[in-house]
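Student: Hi! Could you walk me through this structure with me asking as we go?
Tutor: Happy to, let me bring it up.
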Amino acid sequence: MSEPATGEFAHASFAPSPRPSTSIWGAVQQADQLAPGIWSVMTASHGGIILSDQRQAAMPAALRIEGGAYEEDCDWGLPILAFTSELEGQGSCSAGLLQLARDTTRCWHPDRFSAFTGEAIEENSSAILRTRKAYMAAIGEFCVTSAWGDWAEWVPDGKVGVIARQVERVDHLGRPTYGEAEVCALIAKDLYAARGEVKALRDTAHDIIPIPEALRPKRVG
């Protein structure tokens, strides 16, 4: 069952909160209060949405991230989606921004989006779902984690040198965990260029080679 529609949050009364001066991303240099208790902040290096304790407590469980800080790349859409009706009603966010928040959440947090809205998401509309599916299919396989072009002294012309590690599992965001086992291989440049987002050695012609001495010092520790 989906959680209450965003419009129901518009009836709640929220108190304004003090302007944040610090954040998990550093000292706040710019801050705009989009609605009472919802701050859009920027630091020297990053930014996002910071919620007051009252707002954070009102966040639906499906969209809530611990700590009340929603970074600007992938998470900022979560609180905007939660309070869309309120933000739309008071005009503090444009229709384009509200739609972007919805699209960003659907793409980067498909499970949260579906749980909140009750809408199913097709695999092609979410990079997370595509990546997660690809890595799940590659569990137990050696997948490329780093690569060198033929500018490297140990890579022959027309080849790409790669290090591949064995996938052990993948989390809900499509991030793989690798085991300690690894191999070094050479792949034809044109075949490597045609790779998908997840590059399993089993799917491409390759030659396993000893790990070059040039790489060993860089990999210690």
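This is a predicted model: local features need pLDDT of at least 70, side-chain atom pairs count only at pLDDT 80 or more; totals for chains, interfaces and linings use all residues.

Student: Great. At what angle do helix 4 and helix 5 pack?
Tutor: Helix 4 (residues 95-108) and helix 5 (residues 110-117) meet at an angle of about 120 degrees, and their axes are 5 Å apart. That angle makes helix 4 oblique to helix 5.

Student: And which residues make the contact?
Tutor: From helix 4 you have R102, T105, R106, C107 and W108. Helix 5 brings P110, F113 and T117.

Student: How do those contact residues divide by type?
Tutor: Four are nonpolar, two are polar and two are charged.

Student: Moving on to helix 6, which residues are buried there?
Tutor: In helix 6 (residues 127-137), the buried ones are A127, I128, L129, T131, R132 and Y135.

Student: What do they pack against?
Tutor: The buried residues of helix 6 pack against helix 4 and helix 5, and also against strand 8 (159-170) and strand 9 (176-188).

Student: OK, change of topic. What is the strand order in the open sheet?
Tutor: The order is 3-4-5-6, four strands with antiparallel pairing. Strand 3 (30-35) and strand 6 (69-71) are the edge strands, each pairing on one side only. On average, neighbouring strands are turned by 25 degrees against each other, direction ignored.

Student: Over how many bridges do strand 5 and strand 6 pair?
Tutor: Three, in the antiparallel sense, with strand 5 covering residues 47-51.

Student: Which residue in strand 6 does I49 stand opposite?
Tutor: I49 faces Y70 there.

Note on methods: Residues are numbered from 1 along each chain as its sequence is written. Side-chain values use heavy atoms; hydrogens and water are left out. Axes are lines fitted to C-alpha atoms, for helices over the stretch in contact, and angles run from 0 to 180 degrees between N-to-C directions. Helices (H or I, at least four residues) and strands (E, at least two) are DSSP runs, numbered from the N terminus. Angles under 35 degrees count as roughly parallel, over 145 as roughly antiparallel, 65 to 115 as roughly perpendicular and the rest as oblique. Contact means heavy atoms within 4.5 Å. Ala, Val, Leu, Ile, Met, Phe, Trp, Tyr, Cys and Pro count as nonpolar, Asp, Glu, Lys and Arg as charged, and the others, Gly among them, as polar. Buried means under 20% relative accessible area, exposed over 50%, partly exposed in between (1.4 Å probe, protein chains only). Two strands pair if DSSP finds at least two bridges between them.
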